[in-house]
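Subject: Structure handover and notes

Dear colleague,

I am passing on the structure for your own work, and I would be grateful if you read the notes below alongside it.

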Amino acid sequence: DEFGEASSWIEIQNISYSTHDIRGCFLTSDRSVLDKNMSAPDRIAKMSLVPAGDARTSVTAKQRITFFADGNVNRGTLHTNFKLVPGEDIFIALYDGNGVDLLDSITIPASLPAGNGYARNEDGSWSVETAEALTPNAPNKQVEHNKIAEWKSKDPYGIAMAILSMGIVFSCLILLFV
C-alpha cells in the first residue's frame, strides 16, 4: 500500500470502454449481507463505503482500482473497514450505492496456497496465480513459455525436429526442381 505495508487487496477492473464511477458503492466481506430480509441500513452498516472525493474512484475504460483490505480506513479512501482472513473461504462483494443491489461477488476458496492470489482471467474464469504474476493496478503478468524447453521435453532426441526440418528442405528442393 501507500505506507509500504503488505496486506490483502481487492482489485476492481472496468472491462468496458466507458467510465464508471464507483463512488458511493460498498465493498464487504460479510456474507450475512446476502440475506434478502435484511434492511438496507443494516446491510450498509456491515459494508465499507467507497467514498467520494477521490478521483481514483472514477474508473475509466479498461482501468483498475485497488482497495487494501487491512481494516484501517484512517489510512485513506482505498482502505476498507474489514480484513480478509486467510485459511477460510473469503466472500467479497461490491454493492451499488443503495446498499441493496449486488453488482458483483466472488468467494475465494480456503484452499488458496499462501502467497498466491485469485485472479479473473480474460475469459471470465477464475484461477490461482502466483504472487509474481499478480500486479495491483496493472495487467497481470503473462507467464512466458520457453519454446525450446517445450520442444526438448516433447522430443528429447530431436527426431521430430529432424524429420520436420528435412521435410521442409526436401519440399523446397522438389518445388525448385519442378
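This is a predicted model: local features need pLDDT of at least 70, side-chain atom pairs count only at pLDDT 80 or more; totals for chains, interfaces and linings use all residues.

Residues are numbered from 1 along each chain as its sequence is written, and side-chain values use heavy atoms, with hydrogens and water left out.

The protein has three helices and 10 strands, where helices (H or I, at least four residues) and strands (E, at least two) are DSSP runs numbered from the N terminus. Along the sequence they follow the pattern β-β-β-α-β-β-β-β-β-β-β-α-α. Of its 178 residues, 25% count as buried, buried meaning under 20% relative accessible area, exposed over 50% and partly exposed in between, with a 1.4 Å probe and protein chains only. Among contacts (heavy atoms within 4.5 Å) with a separation of 6 or more, 53% are between residues 24 or more positions apart.

The largest nonpolar core has 18 residues, and those with the most contacts inside it are Ile12, Ile22, Ile65, Phe67, Leu84 and Ile92; such a core is a set of buried Ala, Val, Leu, Ile, Met, Phe, Trp, Tyr and Cys residues joined through side-chain atoms within 4.5 Å. Two or more residues each come from strands S1 (9-13), S6 (64-68), S7 (90-95) and S8 (102-108), and S7 gives the largest share, three residues. Another core, of six residues, lies apart from it and includes Val33, Met47, Ala93 and Tyr95.

Strand S9 (residues 117-120) has Gly117 and Ala119 on a covered face, and Tyr118 and Arg120 on an uncovered one. In a regular strand the side chains alternate between the two faces of the sheet. S9 runs antiparallel to strand S10 (residues 126-129), to which four bridges join it, and strands pair if DSSP finds at least two bridges between them. Within this pair, Ala119 stands opposite Ser127.

Lys62 lies over the face of Tyr17, at 4.5 Å from the ring centre; a charge sits over a ring if NZ of Lys or CZ of Arg is within 6 Å of the ring centre and within 35 degrees of the ring normal. There are zero disulfides, a disulfide being a pair of cysteine sulfur atoms within 2.5 Å. Cys25 counts as buried because its relative accessibility is 5%, whereas Cys172, at 43%, counts as partly exposed.

With best wishes
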